[in-house]
Amino acid sequence: MAKDSSNSFVRFRDAGFSYDGKRFVFQNLNLEVPQGQFLCLLGGNGSGKSTIAKHIDALLVPDEGAVEVFGKDTANPEFTYFIRSNAGLVFQNPDDQLVASLIENDVAFGPENLGIPNPELRQRVTDALAEVGLQGFEEHETFALSGGQKQRVAIAGILAMDPAILILDEATAMLDPRGRKGLMRVVRQLHQEGMTIVMITHFMEEAASAQRVVVLDEGQVRMDGTPQEVLVRADELQQLSLEVPFACRLSLLLRQRGVNVPVCITDDALKEELCALSSTM
Ligand SMILES: Nc1ncnc2c1ncn2[C@@H]1O[C@H](COP(=O)(O)OP(=O)(O)OP(=O)(O)O)[C@@H](O)[C@H]1O
Ligand SMILES: [Mg+2]
């Protein structure tokens, strides 16, 4: 796909949207996601995260202002197909996203609809399954998979369409901690390979993996920065009904008690700081 000259893959420009024509979910929203960024969207229930995700995939279009994806106006029907086939949206429940009983047919569904012929189609299925750690699963039945595996098949189906941006709307919400970690590994790997990622989550340890964290409240951007800048703002996060990462809470508590550790946002970082501290004692 041709690169957007402005380097901005997603741009909300004074955007406003209302489902019922009365109450705006967001208004005067300005938000840009550059190509290759791994952005995490946080916000309490009803703050507008899923509505924003659907605007990036042109499933919804703004009532006011504009949303541009890959430099194209989502409200222009001429671009709808292009945007939807280059922006992959993964939802919370994998059961709602799988369409075929055999994994290879499921993963092939999207690219087949894009008109990708064989043998490229088969190659894309093989590559996408390898990308999510399910190589060799082509002939398996989708119903027999765990939730985490199903979600990875759903992502493989999107990857096989070769999207330029991946939007995950609480895609890890129904998975156990192991399934969540596995999926996060896949997302981090995709980002390292250059994919633009917009991840919506309620899990702070996932937000800590992102390059940038945007916190929404009533459709407005309340915080915007690196995870290290945003996730340590404990009082504000709590006011917005968001959790503060465990490592952050513990390091703040330790600092209050006079222990000289920086405010850490991940367990691993805090563990390292405490180990370093204990070795100097
Ligand atoms: N299909 C719909 N029709 C009418 N109102 C809707 C619809 N979907 C969402 N809303 C309303 O829009 C607002 C934003 O909802 P949205 O689903 O975007 O929030 P969210 O941040 O994704 O919340 P959650 O964390 O619960 O998933 C809420 O007030 C919600 O009730
Ligand atoms: Mg939502």
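Reader: How do you know how far this model can be trusted, and what is the mean pLDDT of the protein chain?

Author: The model is predicted, and its protein chain has a mean pLDDT of 92, with 98% of the residues reaching 70 or more. Among the elements of the chain, helix α6 (residues 177–192) has the lowest mean pLDDT, 88, while strand β4 (residues 64–69) has the highest, 98. Where pLDDT is low, the predicted coordinates should not be read in detail.

Reader: What makes the protein chain as compact as a globular protein of that length?

Author: The secondary structure of the chain comes to 11 helices and 10 strands. For 281 residues the globule rule gives 19 Å, and the radius of gyration of the chain is 20 Å, which is close to that value, so the chain is as compact as a globular protein of that length. Along the principal axes, the C-alpha atoms fill a box of roughly 65 × 45 × 35 Å.

Reader: Why is L242 called buried?

Author: A residue is called buried if 20 or more other C-beta atoms lie within 10 Å of its own, and L242 counts as buried because it has 23 C-beta neighbours inside 10 Å. L242 lies in the loop between α9 (234–239) and α10 (246–256), and, leaving aside residues up to four places away in sequence, it touches L42, G44 and L237. In the protein chain, buried residues make up 40% of the 281 residues.

Reader: Why is strand β8 (residues 196–200) said to be largely enclosed by the rest of the structure?

Author: Five of the five residues of β8 are buried, so the strand is largely enclosed by the rest of the structure. T196, V198 and I200 point one way from β8, whereas I197 and M199 point the other way, and all are buried.

Reader: Which strands pair with β8 in the parallel sense?

Author: Strand β3 (residues 38–43) pairs with β8 in the parallel sense over four bridges, and L39 stands opposite V198 in β8. Strand β7 (residues 165–169) also runs parallel to β8, joined to it by five bridges, and the bridge partner of I165 in β8 is T196.

Reader: What makes β2 and β5 edge strands?

Author: The open sheet of four strands has the order β2-β1-β4-β5, with antiparallel pairing, and β2 and β5 (72–73) are its edge strands, since each pairs on one side only. Strand β1 (residues 8–18) is joined to strand β2 (residues 24–34) by seven bridges, with F17 opposite F26 in β2. These two strands form a hairpin with five residues between them, and G21 in the turn has a positive phi of about 80 degrees.

Reader: Which residues lie around ligand 1, and how do they divide by type?

Author: The residues around ligand 1 are Y19, V25, G43, N45, G46, S47, G48, K49, S50 and T51, and they divide into two nonpolar, seven polar and one charged. Helix α1 (residues 49–56) gives the most to this shell, with three residues.

Notes
Residues are numbered from 1 along each chain as its sequence is written. Chains are lettered from A and ligands numbered from 1 in the order in which they are written. This is a predicted model: local features need pLDDT of at least 70, side-chain atom pairs count only at pLDDT 80 or more; totals for chains, interfaces and linings use all residues. The radius of gyration is taken over C-alpha atoms; the globule rule is 2.2 Å times the number of residues to the power 0.38. A residue is buried if 20 or more other C-beta atoms lie within 10 Å of its own, exposed if 12 or fewer, and partly exposed in between; C-beta atoms are placed from the backbone. A residue is near a molecule or strand if its C-beta atom, placed from the backbone, lies within 6 Å of it. Ala, Val, Leu, Ile, Met, Phe, Trp, Tyr, Cys and Pro count as nonpolar, Asp, Glu, Lys and Arg as charged, and the others, Gly among them, as polar. pLDDT is the predictor's confidence in each residue, from 0 to 100. Two strands pair if DSSP finds at least two bridges between them. Two residues are in contact if their C-beta atoms, placed from the backbone, lie within 7 Å.
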